[in-house]
Amino acid sequence: MLNKYPLWKYLLLGFIVLLTLVYAAPNLYGEDPAVQVSATRGAKVELSTLDKVQDILKQADISPKSTILENGQILVRLSSSEDQLIARETISSQIGDGFVTALNLAPSTPGWLESIGGSPLKLGLDLRGGVHFLMEVDMDEAISKEQDQMVQDLRAELREQKIRFRGIEKDTSATGVVLRFTSQDILNNAVDYLKPINPGYSFQEKESSGVFYLTVAMTEEKLKSSKEDALQQNLSILRNRVNELGVAEPLVQRQGLDRIVVELPGIQDTARAKEILGATATLEFHPVDSETDVSDALSGRIPASSIIYKERSGRPVVIKKKIILTGNHIVDAQSGADEYGRAQVNISLDSKGGSKMSRFTKDNIGKPMATLFIEYMPTGKKKANGKAETEKRIEVANVATIQAQLGRSFRITGLDNAAEAHNLALLLRAGALTAPIQIVEERTIGPSLGQQNIDNGIKAMVYGLLAVVLFMFVYYRKFGVVANTALIFNIVMIVGLMSMIPGATLTLPGIAGIVLTIGMAVDANVLIFERIREELKAGKSIQRAINEGYSNALSTIADANITTFITAVILFAVGTGPVKGFAVTLAIGILTSMFTSIFGTRAIVNALWGGRNDIKKLSI
Amino acid sequence: MFELIKSKQTIDFMKYAKPATWFSILLIVISLGSLSTKWLNWGLDFTGGTLIEVGFDQPANLTDLRETLAAAEFPDAVVQHFGSSHEVMVRLAPREGVKGQTIGNQVLNALNAADFGNVDMRRIEFVGPNVGAELAENGGLAIIIALVCIMLYVSMRFEWRLAMGSVLALAHDIIITLGVFSLFQIEFDLTVLAALLAVVGYSLNDTIVVFDRIRENFRLIATATPEEIVNQSLTQTLSRTIITSGTTIFVLISLFVVGGALIHGFATALLIGVGVGTYSSIYVASALAIKLGISREHMIPEVVEKEGADQDPLM
């Protein structure tokens, strides 16, 4: 008998090898230092921006490799990292407000490779350096705010209908509010009126010593959607804050029900990043209580409807507890200057916020309005459910006089200088959170360690590979060379596949997984070759020995690899971060090594020795 | 032909089954003893807290660093070299009343303010205590799910006595690997957990190769005792066992030596696991299968008429 593969098998093998080779190829090209220009809220990158960037560069005497406008961003490729730093500085100082410039490394993949979707491996933060944050949304606070809103809404609705109630307060044990009535009839009236206009709430009645209680609570679905809203809001706010940091290729992603992952590659000043991201804050507009004297209030003579807060400078202000508007209605806030060059902040609200503001300011022209900035600082203590407790710190960010009836967009003027306006705008933008968040996990890798991790990983891979290749050659001679060829293609295939799969990132444990695969991938060939040797010793003909060696070893190889594959899949499903990276390369490595060491080596063996009857001895 | 094992004779592995069993029992007792008294040296991933790794231009003096940090209100900081004498790792337990995520920067500022030359921030990790507990929970879950899935697969593919043998061998390997980590108080972090699962895969891989041969030989040879069959199968697969363990250990040593300090725990766990796994597939899995009474009758398959059985296999 002869061992021959039909032509189509060689064609298939060739095609697959070529395909992975092509997709692995972008990793051979280096990266260009680049500057990335993107817009924050309120601005837009347009063709005119591109012209402006090109002008700025020309004036600074920098000739970029290329400047392109893509996906609403401008990417300027430069020939050296010195140019990159100068370019960033000049662009960011001259391009003006609303744009962010960031340093980046752009892969210099040739156009033809890019056009077929080729791109280099995406490196994890442990290899390229950067920050990884895991943030948690305080859902208790989100629900508590929802309850406050319910108290206000229900009170207004009942008053409008002239249905009299004795009291209304938050239900501390449940997720709703409790209303008190003097008679069952009034309570019935209230239920009849409230129920149809408040879907998403359950109504429960109770009578105790002549007081009639009505508990209005959120239904499960309503609760779920409120939590979802809080998470989504945090997500979008974090995305905007991250944009303001000017990081190339940031990642903001939800994880589970109440967590958000933020990854900022290449960031070195983590303190600033944390300040901006971690400052969990909300914003509220309140009327100022100008009838109460500040010194009276300080000595305790203060109406129950008012409260005293301080400005950053320490000056106390008496504020009415009534909220005109919360910060989540703010769409945008930009600092600027009026026609006389005085600093101001322009604010845009959503439509609901606009009508609230309009209703309030109509009757209050000429009166002062305060902007409260509320920060949530973890106290370090724990709540009963194990989550960290936060403490409210309230500061008066600004007091301004209402000049006219305000609508969806208005401005705060009379600020001392541009820096103050800028700060206020930042606070306004950042303050639009309903539920506070806090960092529960941080992993920062400095750029030097990232590069070192890459170097170490590659070194380990090369040394491991050399040892294995040498051993296989010494032990199995020509068959060893065949196995080594398969092993090297195996690595190329892993790299090619990893580059092809969107979302697959290479991490340090991922490199370790590839190294481990190198050691274990030859197992299939060892099994096959040992089997061929046995068959030869048993006196079988050369061609028969090859055939039976492969077919007898096959089920063993499959069994052994499937179990490892199972563990890799479980690792991927349950693991986080670095463990996932390991699982991905391990799983891909198992698949590619099965392919190369069974199908690949058989093809070579068949081509070299399979079609000949004249061989006396195998070099195995 | 270059051969590791020249013996034409079947090696009588099972002659040493008894002492090997006692040896294994001893190792397990020591491991469990260490685990129950010292437990594991949990890494930051599981305990929560803050870790800062910094690099210096010249070799760092740990005593000076400790004093600086103690003066900056971090008297509980664990300061040690990491990788080389130029690199230092500072570890702090979770603190009451302080924002955990700001500690890293505070430590950096303290080091920058003191006179240590250029301080290169290499790594800051902060893990909240809740997250740590969750990671530990998920990790434990992963191992249990992996063991259950593998048990299901192996019992589907093999007779239950063999399945039992392989799963007990796995438990043996994991306990001993954990035992070494406990005994020498090597830090146990997420990458070690991943390595442990890789050990599960590897050790099973080894056992399955032997068991496949045992099954084959039972069907081939009608007259031999189970001990003889097992001995013969082990001898036939021995050179493969040694070569594969060898190549795997090559790459692991390479990882251990040049892979950098971050991957040390990972490489250590796999080195121990691969060593123990190779031993256990001979003396734990096979010996147990004999103890459980495998015999020829268990291995004779029901005859199933397979479609296309008379044609050439694909590969």
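Trainee: Which exposed residues does α1(B) carry on the face turned away from its buried side?
Mentor: That face has K18(B), P19(B), W22(B), I25(B), L26(B), V29(B), S36(B) and T37(B). Keep in mind that this is a predicted model.

Trainee: OK, and which residues of α1(B) are buried?
Mentor: Those are A17(B), S24(B) and S31(B). Looking down the axis of α1(B), the buried residues fall within an arc of 55 degrees, so they line one face of the helix.

Trainee: What do the buried residues of α1(B) pack against?
Mentor: They pack against two helices of chain B, α6 (160-183) and α9 (264-291).

Trainee: How many residues does α1(B) have, and how far does it reach?
Mentor: Helix α1(B) covers residues 17-38, which is 22 residues. From first C-alpha to last it reaches 31 Å, close to the 32 Å expected at 1.5 Å a residue. Just after the helix, W39(B) takes a positive phi of about 55 degrees.

Trainee: Zooming out, what are the domains of chain B?
Mentor: The assignment gives domain 1 as 13-42 + 132-299 and domain 2 as 49-127. The C-alpha centres of these two domains of chain B lie 39 Å apart.

Trainee: New topic: how many residues does each chain bring to the contact between A and B?
Mentor: Chain B brings 64 residues and chain A brings 71. On the side of chain B, the elements that give two or more residues are α4 (100-113), β5 (119-127), α5 (129-157), α7 (190-220), α8 (226-258) and α9.

Trainee: And how do the residues on that side of chain B divide into nonpolar, polar and charged?
Mentor: There are 37 nonpolar, 18 polar and nine charged residues on the side of chain B that touches chain A.

Trainee: Which strand of chain A is joined to β5(B)?
Mentor: That's β22, residues 437-445 of chain A. Five bridges join the two strands, which run antiparallel. In one of the pairings, E442(A) has F126(B) as its bridge partner.

Trainee: Last one, over in chain A. Is L154(A) buried or exposed?
Mentor: L154(A) is buried, because 21 other C-beta atoms lie within 10 Å, and 20 or more is the cut-off. L154(A) is found in helix α6 of chain A, residues 139-160.

Trainee: What does L154(A) touch?
Mentor: Leaving aside residues up to four places away in sequence, L154(A) touches I168(A), V177(A), L179(A), L194(A) and V216(A). By contrast, N453(A) is 299 residues from L154(A) in sequence and 59 Å away in space, C-alpha to C-alpha.

Terms used. Residues numbered from 1 in each chain as written. Chains lettered and ligands numbered in written order. Predicted model: local features only at pLDDT ≥ 70, side-chain atom pairs only at ≥ 80, totals over all residues. Domains from an automatic or database assignment. Helix = DSSP H or I, 4+ residues; strand = E, 2+ residues; numbered from the N terminus. Expected span 1.5 Å × (residues − 1). Buried ≥ 20, exposed ≤ 12 C-beta atoms within 10 Å, placed from the backbone. Arc of directions from axis to C-beta. Contact = placed C-beta atoms within 7 Å. Nonpolar A, V, L, I, M, F, W, Y, C, P; charged D, E, K, R; others polar. Pairing = 2+ DSSP bridges.
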